[in-house]
Amino acid sequence: MGTGKRNNNKRKPSFRKLLKTSNLKLGNKTKNKQFKQDNAAKKQRKEHRKLRQAISDVSTKEPQPLERYHKKPEEEEDEEEFLDALPTDMMEEDDLEQMRAMAQRASFITRDLSACEPVHTKKRKGEQVESYEKTPRKMKKTEEKEVIHLLPIKDKTRLIPQSMEKPVQPKDQEEEDQESEEEMEEVEEAYSGPVLTPEEQFQLRNEKLLERKERIAKLGSAILADPNANIKKVKELRAMLMETDPSVAVTVRKLVMVSLMEIFKDIVPAYRIRPLTEEEKTARVKKETKQLREFEEGLVSQYKFYLENLERVVKDWKQKKEKASGAVSLDCYRGLAEVALRCMCELMVALPHFNFHNNILVVVVPHMNDPVRKVSEMCCDAVRKLLRQDKLGEASLALVKVVSGIVKSRNYHVKPEMLKTLLCLRIKEVEMKKDAEDLKPKHKFMNYQEKKKNLSRMQRKWKKAEEKLQKELMEAEGSESKGRKLKLHTETLNIVFLIYFRILKKAQKSVLLPAVLEGLAKFAHLINLEFFDDLLAVLLNLVVSGDLSNRESLHCIQTAFHILSGQGDVLNIDPLQFYTHLYKTLFALSAARFNEETGIVLQCLDVMLSKRRRQVTLQRAQSFLKRLSTLSLHLLPDATIGVLSASRTIMHAFPKSDIMLDNEMQGSGVYLPELDEPEYCNPQNTSLWELHVLKRHYHPVVRKFAAHLMKGAPSEGAGALGADLSRRLPVELFEDYSVKDMTFNPPVATPTSKKKDHFTIGNAFIDTQLKTQIDQVLEAEPDLTLDFAEHRSFGSSSEQI
């Protein structure tokens, strides 16, 4: 059969058909036809070549003897009897010899019959052709079961024998018993070696540890040198987390955990790696793109396995689950778990943008409530760092959702530190409810019909370029990211308020209440106007109940006035009871050096008196001014400076309060300092005499403030304060002059010495006659009794009576 091209008798297409069909399509058709002919010719040549090869193999192959099977003696005897029974006398010896010779030369009998298949047939992978001619024809023999004979049953006529099968032990159990015995023998052989001294054991451990450290260093250096090429070495390094040598297992695992954590922090890209779609996997890409995809896929998988290993270590510690290997004891699990949690905290803070960040949050956040103080503080610190550095708000939203779920699932039995971490949220602005006009879509650009109707061709061209430029400027300014950030912050704050309101409603006597009140005080200006009435009623009930501490009640007051000073200006509410409670709480402030309540009081005074001065009466302001001046006498210097600065702010907000610097009475009545009602204590009938005492204070800044207030707190002139003191808020001054470190800021000068250079002798002041009598008495006998009433002169008896 020839291998040339086939004759093509097909008619050529007409000119009209050529016009309808493109040249490219016709060329492709011709190429496809030629390609099919070449493939058919190539396939035919291949079949011929295989057939010739099979024929040559059969002719050159040496004949092999027929296969024989070993037979049992009984079968051999039967075969001999059968051969003897054959009529061999009817065949001649020449015929027998010829048949034997033909049998030896018959290659078609000895060769494998599977070779007789068509040459062009393809064998599937894993498919084995069974040589059925080689398999012996034997009947399956049923295995005889062992039987246990039981006692027979006696009937009226006969005995009925009874038996049962012997129970067979399963092979799996026998294999397990054998394996356990072998393991015990191996352990005995391992520990049957020479006993080492403690010094030799310590030296051997150091050698093993040094070897492991060198290997960790080599693998880590290779990965950091070229992450794309050596990403597979991360798997080798991760395999060392399963170190089985008991002498170095704990140390090696800790080192590998920390090393992998630092490696991932260095090689992880600044974007999230998403899985490829089916179309992207099948598409043809450049070599560099393919290498990058392989690197990203390997990085994500190794990072996932590493996090799973860390999580498994923490779970084993919590569940007190000991591994079968016994390389690490239960006592060492806590140290391993702490290192694993520390690594996860570092990755949570360093890689908030990368894959599996939410999975890390789910593991770390519950341990903020861990009974081990070191673990809970470590997790809380990591969460605070994450919230402080999160600018967009995605990580904050995910974290707040996890915290909300934990607080609700544990029925509010969590540590207050978990809620205090939410104070680090960077939320300053959220989406409030807008008017109907603001909600309408803004008409930014003209549509095509308006342009065609109102503008010329050149004007439309310029308008199109202007719109394109405007869009690019909006993208450059990041207006879209700002809107997304605002949405994330709004959703985050809604979940935070949901946590706070649940606790206020269902767990008012919980230890979480101080943290809730502190959080409400910080974010109160962002609460929707709809919740103001209910929230103020709840806060007032808490303050009036008397179950709160001073700090908690101050937070309630601060929250209420933050609400009223923001959007609450539209509400017509007079919070007199909150003023009364703060006025009563002022004398309960502590004078300790760790006094944080003073800062809250200063913030409350700023919101209640300075920012709401139009709603506050002069008499109420004077009452607070007098009580603050009295309070400043028994506080530490930092708190005294803050209180005097707040007094200065009140005097500026209420100029008529300077009448308290005069000694003359301005009205009827007497000042009642013990009365807890600021409206009825008659503050106009007293003066700020405490400023004269503070003028001789040991702290120089206190003396400055006292002298400044005595002159009426002038803004200019001789008695004015410097810019460093006058332009700072009371809370800032309280923090600047803090005495937490038991040092004065600025340093306080030592008092001048009042001791005299010489002393007069005491005898010079005594009369000579009196001194003589004293000497006589002192030299007298010891038994002498002294009667001091002997020389006293009494009057007449009538006077005595």
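Contact here means that heavy atoms lie within 4.5 Å, and by that rule Met-418 touches Val-365, Met-368, Asn-369, Val-403, Ile-406 and Val-407, not counting residues up to four places away in sequence. This is a predicted model, in which local features need pLDDT of at least 70 and side-chain atom pairs count only at pLDDT 80 or more, whereas totals for chains, interfaces and linings use all residues. Residues are numbered from 1 along each chain as its sequence is written, and side-chain values use heavy atoms, with hydrogens and water left out.

- The largest nonpolar core has 159 residues, a core being a set of buried Ala, Val, Leu, Ile, Met, Phe, Trp, Tyr and Cys residues joined through side-chain atoms within 4.5 Å.
- Helix H12 (residues 333-350) supplies the largest share of this core, 12 residues; helices (H or I, at least four residues) and strands (E, at least two) are DSSP runs numbered from the N terminus.
- Met-257, Phe-264, Leu-299, Tyr-306, Leu-347, Met-348 and Leu-419 are the residues with the most contacts inside the core.
- Phe-264 touches Val-234, Leu-299, Gln-302, Tyr-303, Tyr-306, Leu-347 and Leu-351, when residues up to four places away in sequence are not counted.
- H12 is largely enclosed by the rest of the structure, because 13 of its 18 residues are buried, where buried means under 20% relative accessible area, exposed over 50%, and partly exposed in between (1.4 Å probe, protein chains only).
- From its first C-alpha to its last, H12 reaches 26 Å, close to the 26 Å expected at 1.5 Å a residue; the expected span is 1.5 Å times one less than the number of residues in the helix.

- Met-418 is found in helix H16 (residues 416-420) and counts as buried at 0% relative accessibility.
- Met-418 and Cys-379 are 39 residues apart in sequence, and their C-alpha atoms are 9.5 Å apart in space.
- Ser-657 lies in the loop between H27 and H28, and this residue is buried, with a relative accessible area of 1%.
- Leaving aside neighbours within four places in sequence, Ser-657 is in contact with Leu-618, Gln-622, Leu-625, Ile-650 and Met-651.

**Salt bridges**

- The structure holds 21 salt bridges, each defined as a side-chain nitrogen of Lys or Arg within 4 Å of a carboxyl oxygen of Asp or Glu.
- The side chains of Glu-394 and Arg-484 meet in a salt bridge at 2.2 Å, N to O.
- This pair links distant parts of the chain, 90 residues apart, with Glu-394 in helix H15 (residues 394-409) and Arg-484 in helix H20 (residues 479-506).
- Glu-394 is partly exposed, with a relative accessible area of 38%, and Arg-484 also counts as partly exposed, at 40% relative accessibility.
- Asp-676 forms a salt bridge with Arg-627, the closest N and O atoms being 3.9 Å apart.
- That pair too links distant parts of the chain, 49 residues apart, with Asp-676 in the loop between helix H27 (637-653) and helix H28 (690-694) and Arg-627 in helix H26 (residues 618-631).
- Asp-676 counts as partly exposed at 30% relative accessibility, whereas Arg-627 counts as buried at 2%.
- Salt bridges that share partners join Lys-208, Glu-211, Arg-212, Glu-243 and Asp-245 into one network.
- Within the pair formed by Glu-211 and Arg-212, the closest N and O atoms are 3.9 Å apart, and Arg-212 counts as buried at 17% relative accessibility.

**Surface patch**

- Ile-148, Leu-150 and Met-164 form a nonpolar patch on the surface, with about 240 Å² of accessible area together.
- Patches are made of residues with over 30% relative accessible area and no salt bridge, with like charges joined within 9 Å and nonpolar side chains (Val, Leu, Ile, Met, Phe, Trp, Tyr) within 5 Å; accessible areas come from the Shrake-Rupley method with a 1.4 Å probe, and for residues only the protein chains shown count as cover.
- Ile-148 has its place in strand E1 (residues 147-154) and is partly exposed, with a relative accessible area of 35%.

**Positive phi angles**

- Asn-411, in the loop between H15 and H16, has a positive phi of about 55° although it is not a glycine.
- Ala-713 likewise has a positive phi, near 55°, and is found in the loop between helix H29 (700-710) and helix H30 (723-726), where this residue is buried, with a relative accessible area of 3%.
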